[in-house]
Amino acid sequence: MELTERKLKILQAIISDYVKTAEPVGSRTLSKRLDMDISPATIRNEMSDLEEMGYLTHPHTSAGRVPSDKAYRLYVNQLMEKPELSIEAKRSIANELQADINEFERTIRHAARILSRITNLTSFAVTPTRNDETLKFINLLPVDDNTVVLMIVSESGEISNTALKLKRPCKPENLQLLAKSMTYNYRGKTITEVLRGDIIESFEHNAEAMSALSQDIMPDFMKTLEDMLNVQLYMDGLTNIFDLPEYSDIESAKSFMTLLDQKEDFLQKVVGRDDGVIVTIGDENMDEQMADYSVITATYTVDGKTVGKIGVIGPKRMKYGEVTSVMEYLTENLNNSFKLEDREIKKLEGGGNTDD
């Protein structure tokens, strides 16, 4: 059976109507909305053909039809239109992400929050693994006699700030000397190399005069590097599901929350997805728990290198065109925020604490 132009137009109208209303679409309703001179009887015949071809399903409690996974896939691949974002939405994304340019983790969390707010769906963001992340410089900034901030800056521009408690007071000049020694020993080394201990011995020799201080700092320094290696999953907009008809009953809402509560499992599903803007619908997710959902992910880059993912999960009845438009614009701005900015690094180095 051939998928004619008329069938495609009817199918597109059914999908559009169902996405808006969450109600099965009947032939009479469709005949009033289609800009075609087609009788309800002809539409019924076409809908029957579409059902036989696997593009529509027929709920037992309704005379109307709803799109199948196959229909949504056809829609995403061939039929959907991606609307231009409003000036307000573009301005909101650009301004809010630019504000957090120097805070990698904070920016990723904020991006997920923006995505959830604009799409009204549950969003998530995954930070990258950083096995190959190369260290640029290390600083130790005194807060008070027993508290310092450990600042680690990578070649990609990522900055990690960690507050540390010292066992004994330390003079600022000693912190400065230790920071210089750490930068000298670790600059140009990957996090993995440092954690393997390949160069700790040489560092301890250089810092022998401040062994007590280094004993305070080094365990926290290594722990911070380990944390930088860990993939993090951030979620936002979990309560958005309660505004959707698909989750109006307690069991559906509970299943959705249970899926997202299993963060390690969900993280593995997301990390393994291909790069670019990827849409998976229902059974395409290759996981029984996710068969009732659609997932859209996009990758973001740091200085042009693909490193992490951001996305949404929600019902198959999703505004795919609008959501993908938002995600494309969001990741474009995210990528711009994470370009290596020499002026920002120089600003941080300008304090004079990180010279060789």
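# A pocket, ring pairs and buried residues

Helix H13 gives 3 residues to the lining of the second largest pocket, the largest share of that lining. The model is predicted, so to speak of a local feature takes a pLDDT of at least 70, and side-chain atom pairs count only at pLDDT 80 or more, while totals for chains, interfaces and linings use all residues. Residues are numbered from 1 along each chain as its sequence is written, and side-chain values use heavy atoms, with hydrogens and water left out.

## The whole chain

The chain holds 14 helices and 10 strands. Both are DSSP runs numbered from the N terminus (helices: H or I, at least four residues; strands: E, at least two). The chain has 356 residues, and 48% of them count as buried. Buried means under 20% relative accessible area, exposed over 50%, and partly exposed in between, for a 1.4 Å probe and protein chains only. Take the contacts between residues at least 6 apart in sequence: 64% of them join residues at least 24 apart. A contact needs heavy atoms within 4.5 Å.

## The second largest pocket

How many residues line the second largest pocket? Its lining has 18 residues. Thr119, Asn120, Lys319, Glu322 and Val323 lie nearest the centre of this pocket. The pocket has a volume of about 370 Å³. A pocket is an open set of points on a 1 Å grid, fitting a 1.4 Å probe, with protein on both sides within 12 Å along at least five of seven lines; lining residues have an atom within 4 Å of a point. The volume is the space filled by probe spheres set on the points.

Asn120 also stands out in its backbone. This residue lies in the loop between H6 and S3. Asn120 is not a glycine, yet its phi is positive, at about 60°. Most residues other than glycine have a negative phi.

## Aromatic pairs

The structure holds 6 aromatic pairs. Rings of Phe, Tyr and Trp pair if their centres lie within 6.5 Å; planes under 30 degrees apart are stacked, over 60 edge-to-face, the rest tilted.

Phe124 and Phe266 form an edge-to-face pair, with 5.2 Å from centre to centre and 90° between the planes. This pair links distant parts of the chain, 142 residues apart. Phe124 sits in strand S3 (residues 122-126), and Phe266 sits in helix H12 (residues 263-271). Both of these Phe residues are buried.

Why does the pair of Tyr186 and Phe221 count as stacked? The ring planes of Tyr186 and Phe221 are at 15°, with the centres 5.2 Å apart, so the pair is stacked. Tyr186 belongs to helix H7 (residues 172-186) and Phe221 to helix H10 (residues 211-229). The two are 35 residues apart, and their pair also links distant parts of the chain. Tyr186 and Phe221 are both buried.

Elsewhere, Tyr247, Phe256 and Tyr293 form one aromatic cluster.

| Residue | Relative accessible area |
|---|---|
| Thr297 | 1% |
| Asn139 | 5% |
| Asp17 | 10% |
| Ala22 | 18% |

Thr297 lies in strand S9 (residues 293-302). Which side chain makes a polar contact with that of Thr297? It is the side chain of Arg273, at 2.8 Å. A polar contact is a pair of N or O atoms within 3.5 Å, one able to donate a hydrogen and the other to accept it; residues adjacent in sequence count only if both atoms are side-chain atoms. Leaving out residues up to four places away in sequence, Thr297 touches several others, including Phe124, Val270, Ile310 and Met327. Phe124 is the ring residue of the edge-to-face pair with Phe266.

Asn139 is part of strand S4 (residues 135-144). Asn161 is 22 residues away from Asn139 in sequence, with 9.5 Å between their C-alpha atoms.

Asp17 has its place in helix H1. Thr29 is 12 residues from Asp17 in sequence and 9.5 Å from it in space, C-alpha to C-alpha. With residues up to four places away in sequence not counted, Asp17 touches Ala22, Val25 and Arg33.

Ala22 lies in the loop between H1 and helix H2 (27-33). Its phi is near 65°, a positive value in a residue other than glycine.
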